[in-house]
Amino acid sequence: MNPPAVETKSTSNRSDLPDDTDYEVVVIGAGVGGIYQIKRLVDLGVSATVLEGDSDLGGTWYRNRYPGARFDSESFTYGYSWNQEVLNEWHWKEMFSPQPETLKYLNFVADKFNLREHMQFNCYVESMQFDEANCIWVLQMRDGRTITTRFVLTAIGLLSVPTLPRINGIERFEGKAFHTFDWPKESIELTGKKVAVIGTGATAIQLIPEVAKEAESLTVFQRRANWAAPLNNREISEEEMADIRLRYDEIFETCARTPGGFEHEPDRRGFYSVSAEERRELWDRLYDGPGFGIWLQNFVEIFMDEDANSEFSEYIADRTRQRVNDPVVAEKLIPKDHGFGIQRVPLETNYFETYNRENVLLVDASETPIETITESGIQTSETHYEFDVIVYATGFDAFTGAFDKIDIRGVGGESLRDKWADGPVTYLGLLVSGFPNLLMISGPQTASTNFPRGAELAVNWATELLEYVWDAGKRRVEAKSESEQEWFDHVVKMYEPFLLKSAQSWITGYNSNLDGHEYGNTRYNIYNGGGPKYADRLQQEAQEEYQGLTFQ
Ligand code: NAP
């Protein structure tokens, strides 16, 4: 699974740069993708730096410090696959690693390869403009500096711009209030506090059971219920880790073969070719099994066929009912407006049991909407609730938000923000026509997979493309507009067979707190063809010498 060994070259200027250009390559973002990208560039001896807006590396794992934050990927499928020593040395302590441990891991990797010396922190890129005459990008930094580079690689995350709810009076609240993404670094004492959580997405579903254990009272404001299933986390012993180390090649091969980049393989027996009892047996096993098995080891018909989806949703609804003591609360926690797996499935630990606690109250914000935030709490259409702390678990300006925050101007001053006003349009999720020498790691319209598996694929592909450009003595690479259109049409077509096309979810661009993101304004944010098909397409592009690109 390692990329081919690369010879370390001593030259740093690969594309005949004007003398005063700062770098051959700038990577924006020091998260999972940015760390690996800079490693590849450093190994090639290229003059490169990472610009990171935060004060340290880690991206998602630096920022999401709320209690309960962890990934839903089996830890050993989430780690980097590209270095045997890292694989041998790192012990994942839990099946689903919590945020502090994952941040430690990313620091371990960065320190092992001295990558920090190639990173600049508190360096926020405000704008970038392509200078056609010199064929370089000119970046304006928030600190007033100008940085020039031939190539820009963005690794800025797909859920890195939090959105606060548009509720009147939000600025009036006199207690502590913050979005989960901005959970205080020094943490916060919740003991004896009255806490509100607004939202019931994957983030809130991780957070709520943890807050309930600490706070005097917890009130959850739920507008739409979300399906959820148990994570079934556990510790990984030294012995088990030793066994996992022996299996790494096999693990990563499986991840490369499965649509989602996990060890979970879909059940291909066919929903209708097995009996209802056999389906139930599978579901019982998956419900008690780890992670996304319940979603990804299921029958594929569940994601495409309304009847199959309703039968399975009813199964999950029953399991939920068994866990919640109050039948009225249980019904409120069961979605009635969409089926299981149509939106990204949150995985939980004691989420439903949390509503059996005396100190936890569920407020149905669709029945009694939040009207205002007051100095001391939240006013719904019916009641005023007093709080010390309000936590907004209200989601993100997904996929394009991080790009929109930077004023990116391509050929002729074209604005990327304008080009993507109705949703992203890319070539292979990696390039954008009209924006030469800009490559996106885990950008919109790449395959939706276990994040690092997709990020590594993108980093390897982007790095090989740069080597191709350098070897060919070129200095400019850009997607052809007709190739971009073809990819976009294909991305749109790949939404068609799936029920998720009508999801009220960030995957289709929905966000009630952003103009233009209303339900129904579908944005084609991901490639639904799965990891293996996507990887094949990337390989074909490289093997056929980049037919969709132009070089100068
Ligand atoms: P989200 O799924 O977009 O959920 C946002 C929640 O806030 C929704 O319940 C939404 O309700 C609610 N909301 C927004 N504005 C509101 C308002 N004005 N009033 C009341 N409720 C409001 O965001 P998220 O939970 O942060 O999750 C986003 C994604 O991050 C996940 O799907 C997942 O991919 C990723 N994530 C991953 C992990 C992990 O790996 N384990 C953990 C957490 C998150 P409506 O549905 O009614 O709009």
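Aspartate 56 and arginine 116 form a salt bridge through their side chains, with 3.0 Å from N to O. The two partners belong to distant parts of the chain, 60 residues apart. The model described here is a predicted one.

**Salt bridges**

- Side chains of opposite charge can pair when their charged atoms come close.
- Aspartate 56 sits in the loop between strand 2 (48-51) and helix 2 (60-63).
- Its partner, arginine 116, is found in the loop between helix 5 (99-112) and strand 3 (119-120).
- The count of salt bridges comes to 40.

**Surroundings of the ligand**

- The ligand has 24 residues around it, of which Arg70, Thr203, Arg223, Trp506 and Tyr510 come nearest.
- In terms of class, this shell consists of ten nonpolar, nine polar and five charged residues.
- Helix 6 (residues 202-214) gives the most to the shell, contributing three residues.

**Polar contacts and burial of the ligand**

- Arginine 223 places a polar side-chain atom 2.9 Å from an oxygen atom of the ligand.
- Backbone atoms also take part: a polar backbone atom of threonine 200 is 2.9 Å from an oxygen atom of the ligand, and one of alanine 202 is 3.0 Å from an oxygen atom of the ligand.
- The ligand taken alone exposes 910 Å², and the protein buries 86% of that area.

**Enclosed space**

- Rolling a probe the size of a water molecule over the atoms shows where empty space is left.
- Across the whole structure, the search finds one cavity of 30 Å³ or more.
- The volume of the largest cavity is about 40 Å³.
- Its lining is made up of Phe396, Asp397, Ala398, Trp506, Gly509, Tyr510, Asn511, His517 and Asn525.
- Four of these lining residues are nonpolar, four are polar and one is charged.

Key. Residues are numbered from 1 along each chain as its sequence is written. This is a predicted model: local features need pLDDT of at least 70, side-chain atom pairs count only at pLDDT 80 or more; totals for chains, interfaces and linings use all residues. Side-chain values use heavy atoms; hydrogens and water are left out. A residue is near a molecule or strand if one of its heavy atoms lies within 4 Å of it. A polar contact is a pair of N or O atoms within 3.5 Å; within protein, one must be able to donate a hydrogen and the other to accept it, and residues adjacent in sequence count only if both atoms are side-chain atoms. Accessible areas come from the Shrake-Rupley method with a 1.4 Å probe; for residues, only the protein chains shown count as cover. Helices (H or I, at least four residues) and strands (E, at least two) are DSSP runs, numbered from the N terminus. Ala, Val, Leu, Ile, Met, Phe, Trp, Tyr, Cys and Pro count as nonpolar, Asp, Glu, Lys and Arg as charged, and the others, Gly among them, as polar. On a 1 Å grid over the protein atoms alone, a cavity is a set of points where a 1.4 Å probe fits but cannot get out, and a pocket is an open set with protein on both sides within 12 Å along at least five of seven lines; lining residues have an atom within 4 Å of a point. Grid points are joined across faces, edges and corners, and a volume is the space filled by probe spheres set on the points. A salt bridge is a side-chain nitrogen of Lys or Arg within 4 Å of a carboxyl oxygen of Asp or Glu.
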